[in-house]
Amino acid sequence: MTLTAASGTGERTARKNSPGAAPRTRRSGRLRRIGLPYLLLLPALLLELLVHLVPMAIGIVVSFKELTQFHIRDWGTAPWTGLDNYSLAVDFNAPVGEALLKSFLTTCLFTLFSVGLCWLLGVAAAVFLQEGFRGRGFLRTIFLVPYALPVYAAVITWAFMFQRDNGLINHVLHDQLGLTDTPPFWLIGENSFITLLVVSVWKGWPFAFLIIMAGLQNIPREIYEAAALDGAGIWQQILRVTLPSLRPVNQVLVLVLFLWTFNDFNTPFVLFGKAAPEAADLISLHIYQSSFQTWNFGTGSAMSVLLLLFLLVVTGAYLLLTSRGRKATDA
């Protein structure tokens, strides 16, 4: 029995020391290392597939159908319309296309102002808080409060503040300061665009502040000291040192702010409800109204696909231009 055990041990040792054992072991270990990241990413990929890709594919299919309230129970039976929904959406001489074009232009103007102000306030606050002083940590915390608050709670609070008769904004502007003859309407009419812009900037600029503040930590202090020795003032240091050093951070930040702002649905929906004023008719809420208020899901899906294509084109062009700019700078 002892001889049998010894022989078995000797055979296992011989197999381990055989020439083909080491490559097989290394090969299996390499396969485990390669497969482990994909295994860890599998839950996220499945969620992405179920939450985004499958609904997106269904929306593209619906955009080619005449899906109304008459076929909502079984949307598969809705008749195919080909490109009719797209033709209707881009016919700017017809009421549907004209309304979509106005909403698109309003969204572009809103995004331009919102992203610009968010970036400007974020850079100013981050540069101001770059130097150490008493209370800097407290100010950083206060500045990040709007970003940490739940969106719905924050926007509902702003909606109460912008009420005409008992809102805080009119109480200060009209009752206390006397800047207006009559209390203005902020949630309807032309002023609704200003209201939407104020709320959007208020809840968006802390994100820009956070990203810029993190980017400033990577700029060596010696560069500022060398610029100061060369006679550069504070504004010259910002223009010649800070902004060029923050270019990679700003490129990503502007793109993220653009996509978030252009697709913003929660802010106008909570502020104005299901029907936003014409001055604040963002395209996300406009597509919602075209789908769920008129029960024309085919046209609404076509508008969504057109919006997706527009964002893809703008994002691709932006990434191409910024990459060329980096290559030119490096060269």
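Predicted model: local features only at pLDDT ≥ 70, side-chain atom pairs only at ≥ 80, totals over all residues.

Start with helix α11, residues 234-245, and its partner α12. Their axes are 5 Å apart, and the two pack at an angle of about 55°.

Who touches whom? From α11 come Leu243, Pro244 and Ser245. They meet Arg247, Pro248 and Asn250 in α12. Sorted by class, this contact of α11 with α12 has three nonpolar, two polar and one charged residues.

Now stay on α12, and bring in α4. Helix α4 covers residues 95-128, and α12 covers residues 247-262. How close do their axes come? Within 9 Å, and they cross at roughly 140°. The cut-off for roughly antiparallel is over 145, so α4 and α12 are oblique to each other. Their crossing is right-handed.

On the α4 side, the contact includes Phe104, Phe110, Cys118 and Trp119. On the α12 side, it includes Asn250, Leu253, Phe258 and Phe262.

Next, aromatic rings. The count comes to 21 aromatic pairs, taking ring centres within 6.5 Å. Take Phe110 and Phe193 as one of them. Their ring centres are 6.4 Å apart and their planes sit at 80°, so this pair is edge-to-face. Phe110 lies in α4, while Phe193 lies in helix α9, residues 191-216. The pair therefore ties together parts that are 83 residues apart in sequence.

Last, the record. An unreviewed UniProt entry lists transmembrane regions, among them residues 104-129, 141-161 and 245-262. What does the model show there? Residues 141-161 are 86% helix and 0% strand, with end C-alpha atoms 23 Å apart. Residues 245-262 are 94% helix and 0% strand, and there the end C-alpha atoms lie 27 Å apart.

That's my tour. Over to you.

Key:
Residues numbered from 1 in each chain as written. Heavy atoms only, no water. UniProt positions renumbered as here; feature names shortened; annotations may be inferred. Helix = DSSP H or I, 4+ residues; strand = E, 2+ residues; numbered from the N terminus. Axes fitted to C-alpha atoms, helices over the stretch in contact; angles between N-to-C directions. Parallel < 35°, antiparallel > 145°, perpendicular 65-115°, else oblique. Left-handed = near helix turned anticlockwise from the far one by under 90°. Contact = heavy atoms within 4.5 Å. Phe/Tyr/Trp six-rings, centres within 6.5 Å; stacked < 30°, edge-to-face > 60°. Nonpolar A, V, L, I, M, F, W, Y, C, P; charged D, E, K, R; others polar.
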